[in-house]
Amino acid sequence: MLEIRDLVAAYGDVRALSGVTLSVGSGEIVALLGPNGAGKSTLLKSIAGLLRPRAGAIRWEGEDLRSVGAHLIVERGLAMVPEGRRLFGSMTVEENLELGAFAARARPRKRANLDRVYALFPVLSERRRQIVRALSGGQQQMVAVGRALMTNPKLLMLDEPSLGLAPRLVRSILEALVEINRGGVAVFLVEQNVQAALTLAHRGYVLEAGRIVGEGRGADLLRDPHVRRAYLGPLA
Amino acid sequence: MILAQQLLLGLLIGGIYGLAAAGLSLVFGVLKVLNVAHGELIMLGGYGAFWAVALLGIDPFASLLLVLPLSLLLGLALYWALFGFVVRADEETRVKNSLLIGFGLALALHALAVRLWTADERSIITPYGGAVISVGDLSIPVVRLLSLALAFALIGGLHLLLTHWRWGQAIRATADDWQAALLTGIDVRRAYLLAFAIGTGLAGAAGTLVSIGYSISPSIGLEWTLKALIVVVLAGLGSMIGTFVGGLFLGLAEAASAAAFGGPYREVVGLVIFVVVLVLRPRGLFGR
Ligand SMILES: Nc1ncnc2c1ncn2[C@@H]1O[C@H](COP(=O)(O)OP(=O)(O)OP(=O)(O)O)[C@@H](O)[C@H]1O
Ligand SMILES: [Mg+2]
């Protein structure tokens with residue numbers, strides 16, 4: 001469904017991706033792991049159209065996305081939950097969610113998707129009239145995931161959704177992802193929480209310094225000595 | 001003149017300050033571009049109304065129905081021709097380029113107005129221009145009262161537009177975080193365009209009210225840009241109702257200081273407020 005080949009991206013003179021190749025199939029959960037500064041966010045931003053890659057291909061259902069505007073990429077069924085959530089801070093929970101349904105592909109299903117999001121995160125339904133800035137970090141992350149779901153995506157990309165959350169909240173966010181995936185949405189998950197991410201992912205990639213250095217089934221990566229040493233610590 | 005009367009007149013012009021500031025605030029909040037030619041757009045709106053009344057013989061207030069849509073169109077044209085290129089640049093370049101374009105536009109519009117209408121001061125004479133409502137010792141000029149009411153109605157309409165219209169919400173989302181707006185499928189260029197057009201429309205409407213209750217000349221632009229900027233700083237970004245209240249506040253403060261220290265200090269008080277707010281409350285009274 002999503003095919004990335006030899007992708008190169010840079011900020012000015014700073015290379016962030018030097019030839020990344022990976023794919024996400026329909027219905028899959030794929031995890032992307034890597035240390036700080038590896039280029040994970042850069043990769044997601046390139047796919048979402050927020051950053052123009054220097055070279056390589058991003059194909060989505062056969063179409064090259066590199067010249068498609070970011071707002072039109074949403075129309076193709078790709079949604080992203082950005083790093084740091086990036087909510088519309090001065091608006092209410094419901095306004096944030098409704099804005100998620102701005103795209104033409106999402107408008108007809110707005111009501112149904114809103115119900116789906118509230119079913120997934122019941123606490124948001126209680127807080128629907130609150131300004132999002134007043135919510136806790138975990139609730140804000142739920143709004144961010146909910147807003148992306150409102151675009152009615154075929155593929156949901158998430159950039160470190162568990163960052164800064166208490167373990168209990170991390171679990172409920174990740175469980176929500178499994179639930180979303182069961183509904184037929186493919187998930188591309190960037191995580192530093194390696195154990196949790198690889199447990200729920202079908203497949204995973206390891207990105208270091210702008211290159212893919214490892215890939216495999218989630219369970220296999222969990223047993224991989226390099227992954228264990230680098231990401232799970234000596235005690236794992 | 002008794003103090004209450006002066007304050008009343010301050011409040012009446014304050015409504016127009018609020019309207020003048022709303023357009024500037026919208027454009028600044030959404031495009032992150034300070035349009036220093038905003039006052040010239042107000043001036044142009046004033047002459048537009050002046051022409052509509054002189055050439056078509058329509059009621060001055062009815063000229064709004066002409067000036068408002070025409071200013072919207074002017075806003076579209078200005079965005080396509082000038083400001084649309086500015087917003088593509090990164091933040092620093094954006095600030096520099098927009099100031100350059102804004103000052104250039106201000107000079108050009110000033111020169112155009114002098115050519116078309118001479119440098120003389122003008123105001124629209126209405127058949128009911130002298131009418132006043134007397135309440136106790138106060139006499140309320142009907143025309144200015146109507147202007148205040150219209151300014152309030154326009155701000156209210158704008159508020160509804162921004163909260164209930166699909167693209168109004170998109171404009172607010174873009175103001176909050178344009179990249180997040182893109183990720184929800186909003187064409188932020190279109191949001192910029194609409195915000196700029198609406199901002200110019202509001203300037204035109206404000207100019208119309210200025211030319212009816214007060215007076216216009218080709219050189220009023222800078223003064224109105226300053227007033228609008230003071231109100232924007234005073235009120236903060238994000239709330240149009242707050243901006244309107246900020247305008248009323250500036251009008252009152254000007255009147256109070258004129259009463260206390262004499263007329264010449266009228267203009268100074270705005271700048272003092274500007275500095276005080278910047279120091280004490282950088283996000284403004286109602287800013288988010
Ligand atoms: N806006 C930017 N301007 C310049 N360099 C940047 C910018 N954003 C990222 N970089 C650089 O690009 C490289 C990759 O950054 P990126 O944010 O993609 O890493 P990441 O894997 O997401 O890291 P983290 O886990 O910290 O989020 C880093 O070296 C970073 O310093
Ligand atoms: Mg990152």
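Predicted model: local features only at pLDDT ≥ 70, side-chain atom pairs only at ≥ 80, totals over all residues.
Residues are numbered from 1 along each chain as its sequence is written, chains are lettered from A and ligands numbered from 1 in the order in which they are written, and side-chain values use heavy atoms, with hydrogens and water left out.

**Helix H6 of chain B**

- H6(B) spans residues 166-176, and eight of its eleven residues are buried, so the rest of the structure largely encloses this helix.

**Helix H3 of chain A**

- Seven of the eight residues of H3(A) are buried, so this helix too is largely enclosed by the rest of the structure.
- Those buried residues are Val93(A), Glu94(A), Glu95(A), Asn96(A), Leu97(A), Leu99(A) and Gly100(A).
- Their cover includes H4 (110-120), H5 (122-126) and H6 of chain A, together with H6 of chain B.

**How H3 and H6 of chain A pack**

- H3(A) (residues 93-100) and H6(A) (residues 137-149) pack at an angle of about 30°, with their axes 7 Å apart; axes are lines fitted to C-alpha atoms, for helices over the stretch in contact, and angles run from 0 to 180 degrees between N-to-C directions.
- That angle makes H3(A) roughly parallel to H6(A) (under 35 degrees is roughly parallel, over 145 roughly antiparallel, 65 to 115 roughly perpendicular and the rest oblique).
- Val93(A), Asn96(A), Leu97(A) and Gly100(A) of H3(A) make the contact (heavy atoms within 4.5 Å) with Val143(A), Gly146(A) and Arg147(A) of H6(A).

**Chain A as a whole**

- Chain A holds ten helices and ten strands, taken as DSSP runs numbered from the N terminus (helices H or I, at least four residues; strands E, at least two).
- Its C-alpha atoms fill a box of roughly 45 × 45 × 30 Å along the principal axes.
- Of the 236 residues in chain A, 56% are buried.
- Among contacts in chain A between residues at least 6 apart in sequence, 68% join residues at least 24 apart.

How values were computed:
Buried < 20%, exposed > 50% of the residue type's maximum accessible area, 1.4 Å probe, protein only.
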